[in-house]
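Open the model in your viewer and keep the sequence panel beside it. We will go from one selection to the next.

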Amino acid sequence: MPTQFTTVAEFVDGQPAEKRAGVTWLRELVFEAEPDVTETIKWNSPNYAVNGVDRLTVHTAGRGPVRLILHFGTSRAEHKGAVPLFTEDPDRLLTWHSDIRASLPVPPVDELPGKRDALMSVVRAWLRSS
């Protein structure tokens, strides 16, 4: 049975070193994008809400890179295969899973400086969208 985390610090400490760096980087990016975001553990991962609405969740499961899941919590109906209305991703950094849920993989460490501004722009635009 996987570890159940109760705090973000526990979550970060519980990650393997190669994922811990990505989680830490994402947390910094999210707080810079929206300083008033609320960070909690939800779905056993760091989750970020704006005005009480869940909008971002860190995903570390599996072999792939750390990802930031962009979503609208559980209050909206989700339509898989539908075209997303969000258009503020000119560099096509997002992988869409439905009309209201996408993932944003953390690039390899050597690529972070060159992609940081584009990633920040997408996160800020997502948090402003409704």
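Start with helix α3. Select its buried residues: Leu 112, Leu 119, Met 120, Val 122, Val 123, Ala 125, Trp 126 and Leu 127. Buried means under 20% relative accessible area, exposed over 50%, partly exposed in between (1.4 Å probe, protein chains only). Helices (H or I, at least four residues) and strands (E, at least two) are DSSP runs, numbered from the N terminus.

A word on the source. This is a predicted model, where local features need pLDDT of at least 70, side-chain atom pairs count only at pLDDT 80 or more, and totals for chains, interfaces and linings use all residues. Residues are numbered from 1 along each chain as its sequence is written, and side-chain values use heavy atoms, leaving out hydrogens and water.

What covers the buried residues of α3? Show α2 (17–33), β2 (45–50), β3, β4, β5 and β6: the cover includes these elements.

Now select 112–128, the whole of α3. Its 17 residues should span 24 Å at 1.5 Å a residue, and the end C-alpha atoms are 23 Å apart, which agrees. The expected span is 1.5 Å times one less than the number of residues. Centre on Ala 118, where α3 has a kink of about 25°. That bend is the angle between axes fitted to the seven residues ending there and the seven starting there.

Next, Ser 98. Find it in the loop between β5 (95–96) and β6 (102–105). Buried or exposed? Ser 98 counts as buried because its relative accessibility is 2%. Its side chain reaches the backbone nitrogen of Arg 101 at 3.2 Å. A polar atom of that side chain also lies 3.2 Å from the backbone nitrogen of Ile 100. Beyond residues up to four places away in sequence, Ser 98 touches Glu 78, His 79, Lys 80, Ala 82 and Pro 84. Contact means heavy atoms within 4.5 Å.

Move to Thr 60, in the loop between β3 (53–59) and β4 (67–70). Thr 60 is buried, at 13% relative accessible area. Show Phe 11, Gln 15, Lys 19, Val 23 and Val 66: Thr 60 is in contact with them, leaving aside neighbours within four places in sequence.

Finally, zoom out. The protein has three helices and six strands. Along the sequence, the pattern is α-α-β-β-β-β-β-β-α. The C-alpha trace spans about 35 × 35 × 30 Å along its principal axes. Of the 130 residues, 41% count as buried.

Notes:
A polar contact is a pair of N or O atoms within 3.5 Å; within protein, one must be able to donate a hydrogen and the other to accept it, and residues adjacent in sequence count only if both atoms are side-chain atoms.
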